[in-house]
Every structure is written in C-alpha cells, then in structure tokens.
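I am opening a notebook page on this chain and will go through it element by element. The sequence and the structure come first, and my entries follow.

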Amino acid sequence: MNDSSWGAPPQAGYWGPSDQGPVQGAAPAGPAYDAPEAQQTRPMPIVPDGPAVPRYGDDQDDDRGAARLSGPLFRDETPQARPYGTVPENPEPMPDAPQPAPQPQKKSAGRDLGAAIGVGVGLGAVIIASLFVVKAVFVGVIAVAVVVGLWELTSRLQERKEIKAPLVPLAVGGAAMVVAGYVRGAEGAWVAMALTALAVLVWRMTEPPEGYLKDVTAGVFAAFYVPFLATFVAMMLTADDGPWRVLTFLLLTVVSDTGAYAVGWRFGKHKLAPRISPGKTREGLLGAVSFAMVAGALCMQFLIDDGTWWQGLLLGLAVAVSATLGDLGESMIKRDLGIKDMGTLLPGHGGIMDRLDSLLPTAPVVWLLLVWFVGSG
C-alpha cells in the first residue's frame, strides 16, 4: 500500500482536467477526462479506516479487476427507498444517542412471602396445639420433623456428592433418640446416639466397600446434627413448665431471625460472611441481638417460673448468636452441595431442614441456660 491510499494529493488526470497532458499511469485522455466542455466528475468519497481497497490504476493484476467497495453508492443496484414513517426491522443504535438511565431496582425478599407466612402460621398452630394439649403428641411432632430432615439431608448428599448415608438406621435411631431424651433425659439421649452410630456402621457393611468411610462418616454426622440436637427440645419439655420453656425457645429463635431479616433488609450494608451467605449483614446481626434480647427479657419475666428479666437478656443474646451460627453452618453445607434449599416441602421456606437450621444448634444452648438459671424441674 502506498501513501496515496491514505489521503495523499490525487494525481493529475484522474480526478479532473489536466493542463499538462497525459501522465504515465493515468487514465487515457478523452472527452470524459480532459475536454473543457465536459462536466467535472464528482470526487470519490473518502473510505474509512479498514482494509486496503485496490483502486483503478494501482499496481494490480489485470485479470483480477478492480475490487468493488461495499455500500449502496458502489453497487449496480439502486437501494429501495423505505416508505415515509416506517421503522426498519432491526435498526442499529446510534452511537452518540443518550442512553436512558437504569431504573432503580426495589429490594426483594427472594421468596413468596404470602406462602411463607401462611406455612409459618400453619406450623405454629400445629406446634402450639400439640405443645399445650398432650406433651407426648409434641414429642411425636419432633420425631416426624427429625425423620423428614434426615431424609432431605441424605437425599441431597447422594444427589450432589454421591454419598450414601444409610437412611433406615438413621430414621429409626433418630426417632428413638428423641423419645429416649424425653423419657430418660441426657443419659438416654447419649445412649441412643451411640447405638444409632453403631447401626449406621453395621448397615453400611451390607454394600460394597467402595466409599464406606465417607458414607458412615456422613451418617454419624447426620445422626448428631439432626436428631441428637433436636433431643434437647424434648428434654426441655420434661420440666413442670416445659411447654413454656419450649415456647420461649421457639419464640426467641423466630424473633431473632425476624429481627435479622427486618434490620438487614432495611439497613444492611456491611456483609457478615460474604463467602458463606452473601445476604447476611452485620446490621442484621445487630437487629437479631436487639430483638432477641428484648423478647428474652419479656419471656423470662412472664413465662418462665422464677425467671428474671436480666436472665432473659443473656438468654436472648445467646440465642441470637447460636441461631446465626446455625444458619451460617447450614449455608456452608448448602454452598458445598451447590443448592439453594434442602427441599421443597414447605412453600416459601424450602424444606424442613431450611427451618431447622437455626433451631437445632439453639436447642442445647437454651436448655443449658434454663437449667442454669431456674433448674431442670
């Protein structure tokens, strides 16, 4: 490519009349080029930056011919005019046109709040009715929740990680663990836990040895995580004011979660644990602590025998911390499994395990503090 291709002065005899006669390499003289009475030819438009386009008269092979420039001005056919007022099918955006400002997005809870509230009210009615009518019925509710939670957990482990934790010994042992904790207390719960772990080890021996270690490890973890921690709820129930203790435990956990959600949704800016649960904020944690401490003071003062308000403040603080850690713990499990919810049994909530995540680690904390503050009777 020579300099003439980039805007050098045009050669005489090509763009217009010549006073010096023909020039070597120029177009032949004739009426179309040098005749004084001929109309001056129209200059060729400047081609924008791009690949070099051969021009008539450049050093190109004669058999190739001159290359054609694309565009309607250089084609033989005449472009069809578009009727006035019509819009092209695929109009190209103008580069200099101002773009509309993005509309601000409203914050969303990410779930169906109507369904979540309805399911929550229904579960609360079942719990309250069974809790204050017959204690044994509430123990059955705990056992059913434990079995469903184990089913969800083992199913997700098998689907996502190909870990086959044996469900049958876990379900039978888990239900027995809850009953043993209600009947025999902490001693019965520990014995049932040990027997359940042994049953998991033996049950898995009926299958090939490949993956035995990871399967039984997951089974023992599931036995501790779901039924053993839930046993402390049944142990709370054995006290004379057991239903009120369980109600206090449930209320404080729910209030803690509600405070974290309300404050975090409205004021949350600083992430609490972005690698585990990006939605949780430090402001939400402060909301959980504040709400739980107020609710704890009220519950200990008016619901628990011999309880005082300052004990409720400590109880609410402990519940907010344990509930948050429990929620983060299950978020870690779900993140490792690559899932959003453990199940779909509860519309607006996910699965049973998605509701037990903050309750399970909070149960032993509340049981221990209540025994410390007002005794086990």
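**Helix 5 against helix 7**

I began with a pair of helices and found that the axes of helix 5 and helix 7 come within 9 Å and cross at roughly 60°; the axes here are lines fitted to C-alpha atoms, for helices over the stretch in contact, and angles run from 0 to 180 degrees between N-to-C directions. On the helix 5 side I listed T248, L252, T253, S256 and D257, which meet L315, V319, A320 and A323 of helix 7, contact being heavy atoms within 4.5 Å.

Before going further I recorded that this is a predicted model, in which local features need pLDDT of at least 70 and side-chain atom pairs count only at pLDDT 80 or more, while totals for chains, interfaces and linings use all residues. Residues are numbered from 1 along each chain as its sequence is written, and side-chain values use heavy atoms, with hydrogens and water left out.

Leaving aside neighbours within four places in sequence, I found T248 in contact with C299, L303, I304 and L315.

Helix 7 has 29 residues and reaches 42 Å from its first C-alpha to its last, close to the 42 Å expected at 1.5 Å a residue, where the expected span is 1.5 Å times one less than the number of residues. I also noted that helix 7 is followed by G338, whose phi is positive, near 75°.

**Helix 9**

Helix 9, residues 359–374, has 16 residues and spans 21 Å from first to last C-alpha, close to the 22 Å expected. I found L359, L360, T362, A363, P364, V366, L369, L370, F373 and V374 buried in helix 9, and the buried residues of this helix pack against helix 4, helix 5, helix 6, helix 7 and helix 8. I looked at F373 of helix 9 separately: F373 counts as buried because its relative accessibility is 15%. Not counting residues up to four places away in sequence, F373 touches M300, Q311 and L314, and its C-alpha is separated by 9.7 Å from that of G312, 61 residues apart along the chain. Helix 9 is followed by G375, whose phi is positive, near 90°.

**Loops with positive phi**

I checked two residues other than glycine. E162, in the loop between helix 2 and helix 3, has a positive phi of about 60° and counts as exposed, at 61% relative accessibility. D306, in the loop between helix 6 and helix 7, has a phi near 65° and is exposed at 68%.

**Helix 3**

Which residues does Y182 contact, leaving aside neighbours within four places in sequence? I found K135, V139, A234, L237 and T238 in contact with Y182, which lies in helix 3 and is partly exposed, with a relative accessible area of 26%. The C-alpha atoms of Y182 and K135 are 9.8 Å apart in space and 47 residues apart in sequence.

**The chain as a whole**

Finally I counted nine helices and two strands in the protein chain, helices (H or I, at least four residues) and strands (E, at least two) being DSSP runs numbered from the N terminus. From the N terminus on, the elements run α-α-α-α-α-β-β-α-α-α-α. Of the 377 residues, 36% count as buried, and among contacts between residues at least 6 apart in sequence, 67% join residues at least 24 apart.

Key: Buried < 20%, exposed > 50% of the residue type's maximum accessible area, 1.4 Å probe, protein only.
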